[in-house]
Amino acid sequence: MSLGQKGRGIKKKKDSSDIDIMILVDLRNEALHSYLDPLSETGFRYNAEHDVWIMRIIKNIEHFRHWVAAYPFYKNVLQEGVALYETA
């Protein structure tokens, strides 16, 4: 998980909050798509109820490993991210 600006204690000019959650899974992209709509709906309800913006990013773990050196956001997740749950 990458905490975004709020999680790192950075104040924004506008009174808004953000939390970036990267979910790395061992699923093919085709299977992954079946989870996107339910997660979006849950996230939208939570955002509205708590006045916070949670951005969820779901990626295949191999995709992440392949592109981590090229994408600044992926590098940030690797360097500053906090693992919430891991499997062996």
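1. In helix 3, which spans residues 61–67, Glu62 and Arg65 lie three residues apart, so about one helical turn separates them. In this predicted model, the side chains of Glu62 and Arg65 meet in a salt bridge, with a distance of 2.9 Å from N to O.

2. Glu62 has a relative accessibility of 46% and counts as partly exposed. Arg65 has a relative accessible area of 54% and is exposed, because the exposed class begins over 50%.

3. How many salt bridges does the structure hold? There are two.

4. Glu41 and Arg45 belong to helix 2, which covers residues 29–50. These residues are four apart, and therefore they too are separated by about one helical turn.

5. Are Glu41 and Arg45 buried, partly exposed or exposed? Glu41 is partly exposed, at 42% relative accessibility. Arg45 is likewise partly exposed, with a value of 41%.

6. Helix 2 also contains His33. This histidine has a relative accessibility of 54% and counts as exposed.

Definitions and conventions: Residues are numbered from 1 along each chain as its sequence is written. This is a predicted model: local features need pLDDT of at least 70, side-chain atom pairs count only at pLDDT 80 or more; totals for chains, interfaces and linings use all residues. Side-chain values use heavy atoms; hydrogens and water are left out. A salt bridge is a side-chain nitrogen of Lys or Arg within 4 Å of a carboxyl oxygen of Asp or Glu. Helices (H or I, at least four residues) and strands (E, at least two) are DSSP runs, numbered from the N terminus. Buried means under 20% relative accessible area, exposed over 50%, partly exposed in between (1.4 Å probe, protein chains only).
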